[in-house]
Amino acid sequence: MDIAALRNAHPEHWDMATAIRVLTLDAVAAANSGHSGMPMGMADVATVLFTRHMKYDAAAPNWIDRDRFILSAGHGSMLLYSLLHLTGYEQFPIEEVKNFRQLHARTAGHPENFLAHAIETTTGPLGQGLANSVGFAMAEEILRARYGKRVFDHYTYVIAGDGCLMEGVSQEAISLAGRHELSKLIVFWDNNGITIDGKVDLADRTDQVARFKASGWHVQEIDGHDPEAIHEAIELAKASLQPSMIACKTHIAIGSSAQDTAKGHGALTDPKLIEDTKAAYGWTAPAFEIPGEIKSKWEEAGRRGAEARFAWEERFTSVSERRQAEINRIMAGEAPKKLSAVVRALKKQVSESEPKVATRKSSEMALEVINPVLVETVGGSADLTGSNNTKTGDLGVFDTDNRQGRFVHWGIREHGMAAAMNGMALHGGIRPYSGTFMCFTDYARPAMRLSALMKQPVVYVMTHDSIGLGEDGPTHQPVEHLAMLRATPNMLVFRPADTVETAEAWEIALTQADTPSVLSLTRQNVPTVRKTHKVKNMVAQGAYVLAEAEGKRQAILLATGSEVEIALAARDALQAEGIGTRVVSMPCWELFEAQDEALRKRVLPGGAVRVAVEAGVRLGWDRWLCGERGREAKAGFVGMDSFGASAPAEVLYEHFGITAEAVADKIKSLL
């Protein structure tokens with residue numbers, strides 16, 4: 001690579017791009033940790049993007065109509081941090097760059113969205129940022145169609161690497177983007193041919209250009225170090241009616257002795273290598289110092305979007321006050337006041353009519369009253385619409401000819417669906433929810449974990465939640481999934497017992513600011529167990545006394561979901577024998593754990609024997625059976641300790657011993 005030729009051909013651009021490279025070298029060296037090569041190789045692309053194309057204002061990082069930038073190759077985080085420092089973002093002074101990868105720094109090892117306003121998403125698990133970008137672009141399309149180009153009209157730009165494109169979620173993402181013609185999505189592929197183990201062809205020979213073309217993308221191939229070629233490619237991408245991929249042929253760790261090698265991927269910390277590389281760049285400034293002329297040009301680029309922002313603010317004031325209020329509300333993630341009223345009305349109607357329906361149907365009943373009130377909800381299903389019950393009549397289908405549609409047919413793409421929902425939530429203005437079978441949380445799990453880590457209130461509608469789904473058998477019957485999800489920090493896992501609890505769970509999920517929710521819902525019909533209307537949202541306390549003991553309380557039954565019905569039947573049998581039994585419905589452990597001890601003690605007092613019943617594994621239940629004033633010798637569990645089987649639901653419950661009789665017998669054995 002002829003570094004001198006690049007410097008001479010475009011000296012001003014070279015100096016600005018080199019500022020990114022040297023900040024990366026200095027920060028990684030100071031941390032003795034990180035990834036130098038990608039920021040060095042993609043500095044030219046990033047410089048052209050941020051100085052000539054990106055619509056942003058460093059003084060207003062939360063501006064609604066800014067272009068979004070996603071660093072899918074999150075290991076190259078110093079590329080982003082350098083850009084944010086150089087362009088003048090207040091949260092990124094040079095001290096943050098110097099503290100790269102240190103405790104409490106905004107410059108974490110991989111970008112984390114909750115550490116700074118200008119970091120759009122948390123990346124690092126490869127492919128996630130690329131898949132998030134589909135949700136960002138969908139959100140922009142929906143909001144632009146609903147509120148007009150005066151308010152929403154921006155691009156989503158992505159830098160992705162070979163690793164992002166190797167991960168399977170990338171195919172789900174690019175096929176979705178191509179199908180929906182997300183023309184304001186532009187992806188730069190850092191085509192450097194190197195991974196940690198060595199050259200890409202050690203493990204892959206995919207023709208990525210052909211793959212994107214086959215998925216319906218506009219594709220270009222350019223020299224990723226030629227600023228004019230980069231500029232022209234972006235112009236063509238903007239003009240395309242398809243999503244765009246620009247394959248940028250680059251040199252990883254350009255200008256260093258590690259250029260074009262696997263060593264260049266990681267941390268370049270050798271002082272001699274850094275000294276030689278800076279000399280090749282023609283860079284003489286001390287570490288962490290950017291010459292004033294270069295820094296001022298970068299800061300000018302950071303202010304370049306201010307005029308566009310001011311024009312947008314003026315346009316926004318011309319929108320009706322009602323629309324302005326609605327847009328401000330949805331972008332702030334605030335639920336409308338009508339939500340609680342429609343939920344209360346549904347609860348009252350259900351308590352009086354006492355329907356016996358599957359909780360997946362209960363969820364649909366709740367959405368039928370919620371979706372007209374929350375205009376920001378966007379639902380979907382991974383090709384299981386009729387099974388998940390996530391589509392209501394008022395939504396319309398999101399498609400190329402109906403950008404205002406609020407229901408997405410995700411196809412059989414659970415991972416891509418979950419990652420795109422994260423993108424929608426991160427973009428703002430959308431409350432995403434979508435469904436699949438509970439068992440397939442396994443396929444969505446990486447993105448679900450990131451929902452929790454990124455503090456995004458995505459709602460996962462997981463139906464067919466136990467052996468109760470019946471004949472599809474153990475491949476589809478989740479037994480360990482509740483435990484897995486409950487083990488995830490910052491996630492609410494709801495397993496409602498009936499329509500009333502389901503409606504209450506939806507109300508809570510849709511009023512979360514920074515916590516995702518999972519609704520675990522049945523395929524089989526369950527009776528209404530909340531027969532007395534209460535205005536209070538009982539699910540909000542996580543667990544509550546559903547049926548009190550008559551006479552001396554000797555036993556407490558704890559249950560969730562479809563097994564609450566079994567617990568109530570067991571209570572009837574025990575009470576008939578003079579054994580006073582309380583039934584506690586526990587629809588959300590996380591919310592109950594968050595209550596003060598006085599409330600928890602009222603629900604779970606000491607003294608009585610305790611038995612939990614749930615058609616899943618025991619893992620996690622001992623917190624409530626043996627802790628919270630319980631005793632191991634007086635605790636039991638009725639549930640699953642194996643995978644399920646293929647048979648009708650009622651046969652399976654009998655076969656695996658999850659019956660009222662078995663629960664009553666367990667209580668009596670402990671008395």
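Visitor: Which element gives the most to the lining of the second largest pocket?
Guide: Helix α7 does, with 3 residues, and helices (H or I, at least four residues) and strands (E, at least two) are DSSP runs numbered from the N terminus. Bear in mind that this is a predicted model, where local features need pLDDT of at least 70 and side-chain atom pairs count only at pLDDT 80 or more, while totals for chains, interfaces and linings use all residues. Residues are numbered from 1 along each chain as its sequence is written, and side-chain values use heavy atoms, with hydrogens and water left out.

Visitor: How much space lies in the second largest pocket, and how does its lining split by class?
Guide: The space is about 260 Å³, a volume being what is filled by probe spheres set on the grid points, which are joined across faces, edges and corners. The lining has 7 nonpolar, 8 polar and 3 charged residues, where Ala, Val, Leu, Ile, Met, Phe, Trp, Tyr, Cys and Pro count as nonpolar, Asp, Glu, Lys and Arg as charged, and the others, Gly among them, as polar.

Visitor: What about the largest pocket, what volume does that have?
Guide: The largest pocket has a volume of about 710 Å³. It is lined by 31 residues, and the closest to its centre are Met331, Ala425, Leu426, Gly428 and Gln456. Two or more lining residues come from each of α14 (321-332), α18 (414-427) and β11 (431-437). By class, the lining of the largest pocket divides into 14 nonpolar, 10 polar and 7 charged residues.

Visitor: Now packing: at what angle do α4 and α12 pack?
Guide: Helix α4 (residues 77-86) and helix α12 (residues 292-303) pack at about 90 degrees, with their axes 8 Å apart; axes are lines fitted to C-alpha atoms, for helices over the stretch in contact, and angles run from 0 to 180 degrees between N-to-C directions. That makes α4 roughly perpendicular to α12, a label for 65 to 115 degrees. Leu83, His85 and Leu86 of α4 meet Lys295, Trp298 and Glu299 of α12, contact meaning heavy atoms within 4.5 Å.

Visitor: What strand order does the open sheet of 6 strands have?
Guide: The order is β10-β9-β11-β12-β14-β13, with parallel pairing, and two strands pair if DSSP finds at least two bridges between them. Each of the edge strands, β10 (407-409) and β13 (492-494), has a single partner strand, so one side of each is left without a neighbour in the sheet. Neighbouring strands of this sheet are turned by 20 degrees against each other on average, direction ignored. Helix α19 (residues 441-454) packs on the sheet, where it touches β11, β12 (459-463) and β14, and its direction makes about 160 degrees with that of β12. Strand β13 is joined to the parallel strand β14 (residues 517-520) by 3 bridges, and Val493 stands opposite Val518 in β14.

Visitor: And the open sheet of 5 strands, what order and pairing there?
Guide: That sheet runs β16-β18-β17-β19-β20, with mixed pairing. Within it, strand β17 (residues 553-559) and strand β18 (residues 580-585) run parallel and are joined by 6 bridges, and Ala559 stands opposite Ser585 in β18. Helix α27 (residues 660-670) lies across β17, β19 (609-613) and β20, running at about 155 degrees to β19.

Terms used
On a 1 Å grid over the protein atoms alone, a cavity is a set of points where a 1.4 Å probe fits but cannot get out, and a pocket is an open set with protein on both sides within 12 Å along at least five of seven lines; lining residues have an atom within 4 Å of a point. Angles under 35 degrees count as roughly parallel, over 145 as roughly antiparallel, 65 to 115 as roughly perpendicular and the rest as oblique.
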